[in-house]
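Here is a walk through a two-chain model, written for someone who would rather look at the structure than at a table. Keep the viewer open while you read.

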Amino acid sequence: MNTPPVMAVATPEAFFKQLQALSPDPVTKKRSPEKIKAFFAAHPESAAFNNWKASYQPTSSFATEQYHSINAFYLVDENNEKHAVRWIAKPQLSDENIQPLNNDSADALQLQLKDQVAQAPVKFDMLFSFATEEDDENNPTVLWPQSRKTINAGTLVISSLQAQEGGVCADMNFDPLVLPTGIEPSADPILRARGAAYAESFRRRAKEVLLNN
Amino acid sequence: MKTINKYSASSMLIHWAMALIILSMLFLGLSMVQSLAVWQVEAIALHKSFGILALVLVAIRLINKVVTTSPALPPSVPKAQALAAHLTQVGLYASMILMPISGWLMQSADGRHVSFFGLFTLPGLVSKDIETYAFFREAHGLIAYAFLLFIFMHVSAALYHGLIKQDGVLGSMLPGKHK
């Protein structure tokens, strides 16, 4: 899950071009505004993403940020029928009722979350929105209208945390295509590309750990 | 002992069935790990399912090899070539056994399931550990390249016998009345 609700592009090929356009010049170490402008001009599907970006205000805590599935998945019901959904993890806390941020620390957000969890578990509502026939679940660049049927499927509760290094997540390949029974991936090309890309980065990381120890 | 110049029907069936599966698996495997295509997810599921099938087939094949008689190479084959043929065969059998087992081990070490066409799931062999995963993941890839090398030698030799020497070695693994 991530902060933007949509992707700027709909295919791995276009995403690769996006990364190339956003990459700093190897010599000057600076991004090229012309290249970036030309990329977005050539990709009108990025409109929803750029609209979001223009109005996006980061909150001052991980605990108060809203996270999106971005890609759509299918929920399979008892009649084996598939329903396309996207979900949001909506914070129950807001910036007014959180622990202060220590701006002097490079780990300010991590430390704040630790303080926050020490006080009380941090909670998010898991809101699932259902696509209608008008929505293309395989296109991650288009926002679904607010009016789509939305259910609160449960509460995500963070009751403890540990350091990333040496923690249980450190040696894990986060793969959004490893899904529990009842949830299936859509044919969204971006979603489909994530498994292979993360598998390759996990393979390189594992090899590094093996050879350096 | 009666000399035979052909493999048994069971040996031929399992040889050609496995040849088809192994070649498909090797090329599917090598292409899917470099692909960002939408079929990648289904390809991995198929690769795992056929991997289990290949493991079962190699077990049957080893039993079949013990209970049937393999034709000997003709005496015209020079000693060095006979040794190369023998070593290639050892390499092929080792690859056939190690390929699915290293795949199963790497999945276990990453805490993932290996499902057989959604019908059942293999138990994990080792506990989840990134270094164990790295070892078997790299082994799985390296054995694949060694396997392709052995297959290349095996096919080259078979064609050499069938097309140039015409000494019945290729025919021993072909159905019908080849010499």
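## Chain A at a glance

In chain A, among the contacts with a separation of 6 or more, 70% come from residues 24 or more positions apart. Contact here means that the C-beta atoms of two residues, placed from the backbone, lie within 7 Å. Before going further: this is a predicted model, so local features need pLDDT of at least 70, side-chain atom pairs count only at pLDDT 80 or more, and totals for chains, interfaces and linings use all residues. Residues are numbered from 1 along each chain as its sequence is written, while chains are lettered from A and ligands numbered from 1 in the order in which they are written.

Chain A has 5 helices and 6 strands, and along the sequence they come in the order α-α-α-β-β-β-α-β-β-β-α. Helices are DSSP runs of H or I with at least four residues, strands are runs of E with at least two, and both are numbered from the N terminus. The C-alpha trace of chain A spans about 55 × 45 × 40 Å along its principal axes. Of the 213 residues in chain A, 20% are buried. That term asks for 20 or more other C-beta atoms within 10 Å of a residue's own; 12 or fewer makes a residue exposed, and anything in between is partly exposed, with C-beta atoms placed from the backbone.

## Strand pairing in chain A

Strands count as paired if DSSP finds at least two bridges between them. Strand β2(A), residues 73–76, pairs antiparallel with β3(A) over 4 bridges, and Phe73(A) has Val85(A) as its bridge partner. The hairpin of β2(A) and β3(A) has 5 residues between the strands, and Asn80(A) takes a positive phi near 65 degrees there. β2(A) also pairs with β6(A), residues 183–185, in the antiparallel sense over 3 bridges; here Leu75(A) stands opposite Ile183(A).

Further along, β4(A), residues 122–130, runs antiparallel to β5(A), and 8 bridges join them. One of the bridge pairs puts Val122(A) with Ile158(A). How many of the 9 residues in β5(A) are buried? The count is 0, so to speak a strand that is hardly covered.

## A look at His83(A)

His83(A) sits in strand β3(A), residues 82–91. With 14 C-beta neighbours inside 10 Å, His83(A) counts as partly exposed. Leaving out residues up to four places away in sequence, His83(A) touches Tyr74(A), Leu75(A), Asp77(A) and Phe130(A). Lys17(A) is 66 residues away from His83(A) in sequence and 32 Å away in space, C-alpha to C-alpha.

## Helix packing in chain B

Now for chain B. Axes are lines fitted to C-alpha atoms, for helices over the stretch in contact, and angles run from 0 to 180 degrees between N-to-C directions. Helices α1(B) (residues 9–32) and α2(B) (residues 40–67) have axes that come within 9 Å and cross at roughly 150 degrees. The pair is therefore roughly antiparallel; that label goes to angles over 145 degrees, with under 35 being roughly parallel, 65 to 115 roughly perpendicular and the rest oblique. The crossing of α1(B) and α2(B) is left-handed, meaning the near helix is turned anticlockwise from the far one by less than a right angle (clockwise would be right-handed). By class, this contact has 15 nonpolar, 7 polar and 1 charged residues. Ala, Val, Leu, Ile, Met, Phe, Trp, Tyr, Cys and Pro count as nonpolar, Asp, Glu, Lys and Arg as charged, and the others, Gly among them, as polar.The axes of α2(B) and α3(B) also come within 9 Å, crossing at roughly 140 degrees, which makes α2(B) oblique to α3(B). Gly51(B), Ala54(B), Leu55(B) and Val58(B) of α2(B) meet Met96(B), Ile97(B), Pro100(B) and Gly103(B) of α3(B). Helix α3(B), residues 79–109, packs in turn on α4(B), residues 130–165, at about 155 degrees with the axes 8 Å apart.

## Where the chains meet

Chain A brings 18 residues to the contact and chain B brings 13. On the side of chain A, helix α5(A), residues 189–212, gives the most, with 11 residues. That side of chain A has 11 nonpolar, 3 polar and 4 charged residues.
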